[in-house]
Amino acid sequence: MFGRFFKRDYRYYISEGEKYLAAEHYADARTAFNEALAKMGGETVDNAALIADVKSKIALAGNRLGFVNLAEAEHAIQSGNMVKAHEHIQLVMHLAEDVTAREKAEILLQHMTVNSPAAIVAETSPGCASCNGISHKTVENSDVSEEHLSPADRFFLAVQTLPGELHQRYMVLGEKFACAYLSAHGENDDSALSLFQELNEAGENDIYHYEISLIHYRQGDLARCELHLQRALELNGTNPLCWLALAQLYVDAGRFQEALGVLDHMVLEGFLSDQARTLQGDVYQSMGAVDRSIDCYTELLASPGTARIAAERLVPLLESQGRSDEAEFLFKKYLKGCC
């Protein structure tokens, strides 16, 4: 009798799945909803709408896990760990039904060379001697690390983490731009600046101005950096990287009110809003407006991508205000066990 009374039917697992989903524990949620679906089959539940809802929750959890693994794959590629990247990509393909996630995973997989006999290398091209060309051919190579990737692949992988559609815009700017980009990110600023300027003179582009601004920033010429960022935004006011770079420039120059104005605009327009809110909290903290800083970081706790970063900033702030219980709670929830 007691066994029947305490039997866990599909309703229990749906409830557990909902809790896990709300807590953003997507793997546990997916397991619970799958168990609910199995129980519903065993109990011959005749409720098409409920079954469809459970299946949609399984798909949602799988998609969220897929995007998490996609981000991990991109990070592994940037770190040169192609084996780990391949593992994460396989998980994306296994877990995600989302077309965007699967397409991105397939693109990454196509451009990976580890564990594949086909390694993509560059043909020699007179168009850009420093890059040995951007065209491809296939050769046999079973042991390839990032340093052995062709310029084309290095460029492809470097721009994959750009937000929104920027990576697609970068990809179609041509071989000369790719050479300039790799030169800039290889700390060959003079060569990169020369190439970017040539491209910009041939036809202005917000991306050219943005990349030129980064070089001037590294060289300590903040005035020229600002000029190029402002011009980039005149050409394209929706480029989120330009807004973020301008805000960071103002912060570095101690122009906090101007930085806050830019960051408010970014949050309002949805331009890298999580990063903007994080920087906003940092600015308020630098200004001594601790309460407003805490408000910004607290808002970020709701986002999986920024919760840990926000907690790292909140814990010492709360402790400095004598709010030790709150600080301890955040530490246990978000930071305990983190490296």
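This is a predicted model: local features need pLDDT of at least 70, side-chain atom pairs count only at pLDDT 80 or more; totals for chains, interfaces and linings use all residues.
**Start: the whole chain**

Of its 339 residues, 43% count as buried. Now think about contacts between residues at least 6 apart in sequence. Among these, 47% join residues at least 24 apart.

**Stop 1: H15 and H16**

Select residues 273-286, helix H15, and residues 290-300, helix H16. Their axes lie 7 Å apart and meet at an angle of about 160°. H15 and H16 are therefore roughly antiparallel to each other. The crossing of H15 past H16 is left-handed. From H15, look for Asp274, Arg277, Thr278, Gln280, Gly281, Asp282, Tyr284 and Gln285. From H16, look for Val290, Arg292, Ser293, Cys296, Tyr297, Glu299 and Leu300.

**Stop 2: H13 and H14**

Step back along the chain. Select H13, residues 240-252, and H14, residues 256-269. These two helices pack at about 160°, with 7 Å between their axes. That makes H13 roughly antiparallel to H14. Their crossing is left-handed. On the H13 side, the residues that meet H14 include Trp243, Leu244, Leu246 and Tyr250. Among their partners in H14 are Phe256, Val262, Leu263 and Met266.

**Stop 3**

Which residues of H12 are buried? Colour Cys225, Glu226, His228, Leu229, Ala232 and Leu233. They cover an arc of only 165° around the axis, so they sit on the same side of H12. An α-helix has 3.6 residues a turn, so residues three or four places apart point the same way.

Now ask what covers the buried residues of H12. The cover includes H11, residues 206-218, and H13.

**Stop 4: Ala192 in H10**

Select residues 189-202, helix H10, and centre on Ala192. Is Ala192 buried or exposed? Ala192 is buried, with a relative accessible area of 0%. Leave out residues up to four places away in sequence, and Ala192 touches Ala180, Ser183, Ala184 and Ile215. Then draw a distance from Ala192 to Phe177. They are 15 residues apart in sequence, and their C-alpha atoms are 8.9 Å apart.

**Stop 5: H7, wrapped in**

Move to helix H7, residues 151-159. Seven of its nine residues are buried, so H7 is largely enclosed by the rest of the structure. Highlight the buried ones: Pro151, Ala152, Asp153, Phe155, Phe156, Leu157 and Val159.

**Last stop: Val315 in H17**

Jump to helix H17, residues 307-320, and pick Val315. Val315 is buried because its relative accessible area, 9%, is under the 20% cut-off. What is Val315 in contact with, leaving aside neighbours within four places in sequence? Show Ala327, Leu330, Phe331 and Leu335. Finish with a distance from Val315 to Leu330.

Definitions and conventions:
Residues are numbered from 1 along each chain as its sequence is written. Side-chain values use heavy atoms; hydrogens and water are left out. Buried means under 20% relative accessible area, exposed over 50%, partly exposed in between (1.4 Å probe, protein chains only). Helices (H or I, at least four residues) and strands (E, at least two) are DSSP runs, numbered from the N terminus. The arc is that of the directions from the helix axis to the C-beta atoms. Contact means heavy atoms within 4.5 Å. Axes are lines fitted to C-alpha atoms, for helices over the stretch in contact, and angles run from 0 to 180 degrees between N-to-C directions. Angles under 35 degrees count as roughly parallel, over 145 as roughly antiparallel, 65 to 115 as roughly perpendicular and the rest as oblique. A crossing is left-handed if the near helix is turned anticlockwise from the far one by less than a right angle, and right-handed if clockwise.
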